[in-house]
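I opened this entry to look up helix packing and ring contacts. My notes follow in the order I checked things.

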Amino acid sequence: MLSRVRFVWGVYLLIFTSFLAVGLGQTPKIGFVNSQQVFYGTVEGKKALAELEQYMTQQREAFEARNNELSKLQEEYMTQQRTLAAPALATAERTIQEKEVELRRFREDAQADFTARQNQVQQGILGKIQVLIQEYAQENSFDAIFTRDQNQIYVAASLDVTDAI
């Protein structure tokens, strides 16, 4: 939704700039940049992505260890179910339920933490990229530079300034 609003405002800005430039006898100079390509093409972006992947791998391993522990308890319960007394069965069932809740919470917490880390990294790097785009636009006399997104059906390759940035 936000990207659609940005796109609509970008089109309005482009039209306004075009009318203004035509009125002054100038042709507007516009460009487009693929911010995701710039993000993943930078050393800082690659490093951040590697750190996020390492974190996710650690969390996945911790989840698998907890899941294996739960599976072991469930197997023990199944094999000892007929031989255990009622209080021992109740304790085993309660332990299994607690481990299931812990596992579910761990997964939810890990996912939320990963998403927060990812958002923090993206905001930091994309903020720096925005500054670079602004500097590039000023140095090269661009009237407007838009970010590429899926709402743009076609953009001429000559207008794409991603590689230059």
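**Helix α4 and its cover**

I started with what lies over the buried residues of α4: the cover includes β1 (30-33), α2 (35-41), α3 (43-80) and β2 (144-147). I keep in mind that this is a predicted model.

Next I listed the buried residues of α4 themselves. They are Leu89, Ile96, Leu103, Phe106, Ala110, Phe114, Ile125, Ile129, Ile133, Tyr136 and Ala137. I recalled the general rule for such lists: an α-helix has 3.6 residues a turn, so residues three or four places apart point the same way.

Then I checked the length of α4. The helix runs over residues 86-139, which is 54 residues. At 1.5 Å a residue, I expect a span of 80 Å. The C-alpha atoms at its ends are 79 Å apart, so the two values agree.

I also looked just past the end of α4. There Ser141 has a positive phi, about 55 degrees.

**Gln59 in α3**

Gln59 lies in helix α3. Is Gln59 buried or exposed? Its relative accessible area is 18%, so I noted Gln59 as buried, the cut-off being under 20%. Leaving out residues up to four places away in sequence, Gln59 touches Phe106 and Ala110. Both of these are on my list of buried α4 residues.

**Aromatic pairs**

How many aromatic pairs does the structure hold? I found 3. I wrote up two of them.

Phe32 and Phe146 have ring centres 5.5 Å apart. Their planes meet at 35 degrees, so I logged this pair as tilted. Phe32 is in strand β1 and Phe146 is in strand β2, so the pair ties together parts 114 residues apart in sequence. I checked burial for each ring. Phe32 counts as buried at 9% relative accessibility. Phe146 counts as buried too, at 13%.

The other pair I wrote up is Phe39 with Tyr40. Their ring centres are 4.7 Å apart and their planes are at 90 degrees, so the pair is edge-to-face. Phe39 is buried, with 4% relative accessibility. Tyr40, at 36%, counts as partly exposed.

**Charges over rings**

Last, I looked for charges sitting over rings. Lys29 lies over the face of Phe142, at 4.6 Å from the ring centre. Which ring lies under the charged end of Arg117? I found the ring of Tyr55 there, with the charged end 3.9 Å from its centre.

Definitions and conventions:
Residues are numbered from 1 along each chain as its sequence is written. This is a predicted model: local features need pLDDT of at least 70, side-chain atom pairs count only at pLDDT 80 or more; totals for chains, interfaces and linings use all residues. Side-chain values use heavy atoms; hydrogens and water are left out. Helices (H or I, at least four residues) and strands (E, at least two) are DSSP runs, numbered from the N terminus. The expected span of a helix is 1.5 Å times one less than its number of residues. Buried means under 20% relative accessible area, exposed over 50%, partly exposed in between (1.4 Å probe, protein chains only). Contact means heavy atoms within 4.5 Å. Rings of Phe, Tyr and Trp (its six-membered ring) pair if their centres lie within 6.5 Å; planes under 30 degrees apart count as stacked, over 60 as edge-to-face and the rest as tilted. A charge sits over a ring if NZ of Lys or CZ of Arg is within 6 Å of the ring centre and within 35 degrees of the ring normal.
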